[in-house]
Amino acid sequence: MSKIRKQSEYEKTFAYRFFRWLGGEKDIFVGNMEMQPQKEYVEEEATIEERMKDRQQAMAEVYDGSHNMELRFFKILYKIFSVVFCIAIMAVLILTVSYLPEVGDPNRPTSNIVTETYISDGLGDTGAVNIVTGMILSYRAFDTFGETNVLFIATCCVMIMLMVDEDKIKKNKDSNDRGFEPKNDVILQVIAKFLVPIVFLFGIYIILNGHLSPGGGFSGGAMIGAGMILYVAAFGFDKTEKFFNEHVYKVIKVTALLCYGCIVTYYFLTGANGLECLILLGEPGKILSGGITLPINIFVGSEVACTMYAFYALFRRGGL
Amino acid sequence: MDIIRNFPCLSILLSMFTAIICSALKGKGARRLSTILVMVVGILSICTLYLTGATGQSYVYVMGHFPAPFGNEIRFGTLEAGMALFFCIIMLLSLAGGRKKIKMEIDPHKENLYYIMVDLLLSSLLALVYTNDLFTAYVFVEINTIAACGLIMISEHGRTIEAATRYMIMSLLGSGLFLIGICLLYDMTGHLLMSNIHESIQMIVNDGMYTIPLLVTIALIVVGLAIKSALFPFHSWLPDAYGYSTVSSAAMLSSLVSKGYIFLLIKLIYRVIGFDTFLDSKIINVLYIFGLAGMIMGSVNAIKENDIRRMISFSSVAQIGYIYMGFGLGTTAAMVASVFHILSHAATKSLLFVSAVGLTDVSGGKKRFEELTGAAYRNKIAGVAFTVGALSMVGIPVFSGFVSKLLFAQAAIQSHDKLLPTLIVLAISTVLNAIYFMKTVIRIYTPSHGKYDSVAMKEKPLYAITLVCFIVLNVVLGMCSEPITGWIIKGLSLFA
């Protein structure tokens, strides 16, 4: 038998307090204990710096060769092994080359029907007196188109790395160091006045005569690019921008590559499907001859010139 | 029918054209154009696959007016066409899955440059798949390398630039070795076209000439391509490059770039060096051992990692190890298993990267494991997709990873002296895979207090659709393995 307690008596028991606490009616700590919300932990600037200093000191001590014997041993071993490895690879490659056929040997495998045909039929097939240009632009047109695309993608990669945003310059004047150009040099300017037209002319000559004499789009384009770099170095970007800015660069690059691509596509499709190529070979030795060689040389030349100049401008000031 | 023969050449040239046009467009236009391009190339590849599958032979396509051995050539059979189609699918899905991230992480003025890189990457992959000329292969390896560098460093912060520098140094070393190998081959045979080199090498081997240069050449080419595709001791560039770049780049790098080089290596083994010559050289044992080491060390490194993206990257090292282990076994069955693993790994790894980014996004953008607790409840579809990817990597039936492991084991049984190590390492590697993938799955399904907001799928329809497509692709590869292996065997027989 259990007896019924009075309410006032029951309120004093442990069970009453326990069930009240369990039910969440009363928090036993409220009133009995001083309570404060936890302070948010804020790391002071000074402690961060101190910790970084500590870390740097620790790193410096760990990687200090004079105390850490293991590390010193490893570094020495690393050097020795890398030298030994390089020498071993060199030895293997030299050994390999010594087994290969001698240079200039008429019976070596490389002097086979392919090279003979290039020499004997090259002029008739491609219409280019310069066999090398004819070979890379007609026989191996696909490789050369790929190679031109390598130049194109290389410029794009440099742009990703170095191109400075115009908006950023407007917002943040400090990041603009384009104003700090070196003062133009009088000697350089006088020389450039004479030299730049000659360099341009020679470059154009090499491009246009690529199928007749040594040279071609790649070498001629590099020359024109060098001429433009010389002009920029002498007269600064302000003057160059009057005739060659980003817009012009884009137009020239896209037109040249697209035209080149169209010619190559036409050439591939006609060739593979057994159709006649309608681009005439012309009379060998004339400037208007060589079939697809001459136009491709021009387009490759302008692309290479643009690439050369773009590299220089991007590295110097992060924009064209 | 006859017009289809032009499609492989056209798809390579089309991607180059698109890249050129993209350089004149703004970011949005470039994105649309590139997406259309990848779809069009995929359709062209389907046509090519249909043609080669219907006639059952491989075609030689002369690039220009001069037939072999004077001009360039491409050659395509059913395996090449299927590979091109598969690459297009993965590229499309990776781009769609990481589209939001591309917008967020890339400077809007440079977005078109990203798509130039993507287009040229596609063109170089197609060229590597289709080419029948060693020098063309080298040119497009170059484009591939530069494009991959651009893809890594486009989200400009210190980590990616460092990663891109590392990648470039290692990758150029690989290209250099590959180029020296090509030069030596040219000196010995006098040809650059694969079929002609193959004939000459057959003669050289029969005459017993140039044994040492041939061995060195095979070693240089194989090691060069192994460096570029991150075989185990040469993998130091990989975790940073995959772990810090934007997610589409990571997915494409892991599932397309390295696979392109591996496919080129398979091509070189069959079409240039000759399978028997390759077997007789002792290089395959080196590949076998490196493959086995990679399978274990990649997984061990992944277990140690505390960053989900880097963990997935290290898992790639292990999976590349599987593929090279298949080369090392030196049987046709193992080769089939390797090719299948290329497909299965490409499908799974890009799925893992894309789903992992969904999980980290709902965890405040943090990639550490403690932050990821309960992430699968906050982004449900990403959680399911990650689980599917993890199960596939571990090798659970129904998913693609199981089939490739089964094929490897079957191939191992055929070779008697390499049977035991292969099976033991396969078992160890599976257990290690399970350790780190299941750890992650359990972690993301552990309920947590609501520290971060959850995301409903309606908010990101494109992302959800992409993940569903990836899951379907995985299950299809796992369930329909019979016709796919049949296709691979047929394609490899056309290679020789």
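**A friendly first look at chains A and B**

1. Let's start with one residue of this predicted model. Setting aside the residues within four places of it in sequence, B:Ser392 is in contact with B:Thr348, B:Phe399, B:Ser400, B:Gly401 and B:Asn474. You will find B:Ser392 in helix H17 of chain B, which covers residues 380-394.

2. Is B:Ser392 buried or exposed? A residue is taken as buried when 20 or more other C-beta atoms lie within 10 Å of its own. B:Ser392 has 29 C-beta neighbours inside 10 Å, and therefore counts as buried. For a sense of distance, pick out B:Glu482: 90 residues apart from B:Ser392 along the chain, with 17 Å between the two C-alpha atoms.

3. Next, look at a helix pair in chain B. Helix H3 (residues 78-97) packs with helix H21 (residues 481-495) at an angle of about 125°, and their axes are 7 Å apart. That angle makes H3(B) oblique to H21(B). On the H3(B) side, the residues that meet H21(B) are B:Thr78, B:Leu79 and B:Gly82. Their partners in H21(B) are B:Trp487, B:Ile488, B:Lys490, B:Gly491, B:Leu492, B:Leu494 and B:Phe495. By class, this contact has 6 nonpolar residues, 3 polar and 1 charged.

4. Just after H2(B) comes B:Gly56, with a positive phi of about 70°.

5. Now for the place where the chains touch. Here 49 residues of chain B are in contact with 44 residues of chain A. On the chain B side, two or more residues come from each of helix H1 (7-22), strand E1 (59-63), helix H5 (111-130), helix H6 (134-153), helix H7 (158-189) and helix H9 (211-228). Which of these gives the most? H6(B) does, with 11 residues. The chain B side as a whole is made up of 32 nonpolar, 13 polar and 4 charged residues.

6. Chain A is divided into domain 1 (46-98) and domain 2 (129-317). The centres of these two domains, taken over C-alpha atoms, are 44 Å apart.

Conventions: Residues are numbered from 1 along each chain as its sequence is written. Chains are lettered from A and ligands numbered from 1 in the order in which they are written. This is a predicted model: local features need pLDDT of at least 70, side-chain atom pairs count only at pLDDT 80 or more; totals for chains, interfaces and linings use all residues. Two residues are in contact if their C-beta atoms, placed from the backbone, lie within 7 Å. Helices (H or I, at least four residues) and strands (E, at least two) are DSSP runs, numbered from the N terminus. Ala, Val, Leu, Ile, Met, Phe, Trp, Tyr, Cys and Pro count as nonpolar, Asp, Glu, Lys and Arg as charged, and the others, Gly among them, as polar. Axes are lines fitted to C-alpha atoms, for helices over the stretch in contact, and angles run from 0 to 180 degrees between N-to-C directions. Angles under 35 degrees count as roughly parallel, over 145 as roughly antiparallel, 65 to 115 as roughly perpendicular and the rest as oblique. Domain bounds come from an automatic or database domain assignment. A residue is buried if 20 or more other C-beta atoms lie within 10 Å of its own, exposed if 12 or fewer, and partly exposed in between; C-beta atoms are placed from the backbone.
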